[in-house]
Amino acid sequence: MTPALLMPMADFVREVQRRCHGALDPVEMGHFLTVSRIEPASLDAFVQFASGRYTRHLVHKNHDVELLVLCWARGAVAPIHGHEGEYCWARVERGQLTFRSYREISRTPLKLEALGGAVDGGPGHVDGPADIHSVSNPVALGEDAISVHVYCRPYDECDLYDVEQGTVRRVQLAYDSVPAPRSS
């Protein structure tokens with residue numbers, strides 16, 4: 001196995017931007033995310049947990065790319081949600097997360113098809129590119145988790161799917177923290 005390429009967050013952002021700009025090769029992006037790692041000290045600036053939920057910390061956003069660090073407290077769940085047909089990858093940095101992908105069969109009535117079973121991923125696991133999925137940090141795993149999310153062609157809203165209620169609800173996305181503006 002190839003050793004991981006360790007880089008500071010700023011270099012990671014530049015490499016992701018380069019890959020999301022213009023014609024995107026999802027296979028190449030997946031490979032980059034598989035072989036690269038963010039230096040722990042430069043990831044730590046974005047780590048902030050909240051009991052019972054996940055938090056979203058913006059690292060970088062422009063027209064082409066949005067990079068987030070998500071911190072998953074024990075028991076945190078991102079319900080079934082869509083990615084607006086855009087490319088999205090999640091990579092586990094610390095801990096373990098459970099991913100499940102879906103395909104929308106119909107909206108009225110709401111019917112989703114699970115694409116395979118749940119996938120548990122530890123550090124270095126890359127999920128994506130995902131379209132409709134759920135992510136969780138099961139309490140049984142007994143630890144908090146951290147993931148880095150890459151969105152090529154970012155969006156500010158997404159659909160949440162509630163299979164039990166048979167509804168799809170549009171939600172505005174928000175951040176728990178944003179980087180301080182850079183001074184010139």
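1. Strand β5 (77–82) gives the largest share of the lining of the largest pocket, four residues. Strands here are DSSP E runs of at least two residues, and helices are H or I runs of at least four, numbered from the N terminus. A pocket is an open set of points on a 1 Å grid over the protein atoms alone, where a 1.4 Å probe fits, with protein on both sides within 12 Å along at least five of seven lines; lining residues have an atom within 4 Å of a point.

2. Basis. This is a predicted model, where local features need pLDDT of at least 70 and side-chain atom pairs need 80 or more, while totals for chains, interfaces and linings use all residues. Residues are numbered from 1 along each chain as its sequence is written, and side-chain values use heavy atoms, without hydrogens and water.

3. Pocket size and make-up. The largest pocket holds about 390 Å³ of space, the volume being that filled by probe spheres set on grid points joined across faces, edges and corners. Its lining has 24 residues; Tyr54, Arg56, Ala78, Cys158 and Leu173 lie nearest the centre. By class, 14 are nonpolar, six polar and four charged. Besides β5, the elements giving two or more residues include β3 (54–61), β13 (157–162) and β14 (167–172).

4. Main core. The largest nonpolar core has 24 residues. Such a core is a set of buried Ala, Val, Leu, Ile, Met, Phe, Trp, Tyr and Cys residues joined through side-chain atoms within 4.5 Å; buried means under 20% relative accessible area with a 1.4 Å probe, protein chains only. Met9, Phe12, Val16, Met29, Leu67, Val69 and Val150 have the most contacts inside it. Helices α1 (9–20) and α2 (26–35) and strands β4 (65–72) and β12 (145–152) each supply at least two residues. The largest share, five, comes from α1.

5. Val69 and the second core. Beyond its neighbours within four places in sequence, Val69 is in contact (heavy atoms within 4.5 Å) with residues including Met9, Leu43, Phe46, Arg56 and Ile146. A second, separate core has 18 residues, among them Leu58, Leu70, Cys88 and Ala90.

6. Aromatic pairs. There are four, counting rings of Phe, Tyr and Trp (its six-membered ring) with centres within 6.5 Å; planes under 30 degrees apart are stacked, over 60 edge-to-face, the rest tilted. Phe12 and Phe32 are stacked, because their ring centres lie 5.6 Å apart with planes at 25°. Phe12 is in α1 and Phe32 in α2, so the pair ties together parts 20 residues apart in sequence. Both are buried. Tyr151 and Tyr155 pair edge-to-face, at 5.8 Å and 80°. Both tyrosines are buried.

Conventions: Buried < 20%, exposed > 50% of the residue type's maximum accessible area, 1.4 Å probe, protein only. Nonpolar A, V, L, I, M, F, W, Y, C, P; charged D, E, K, R; others polar.
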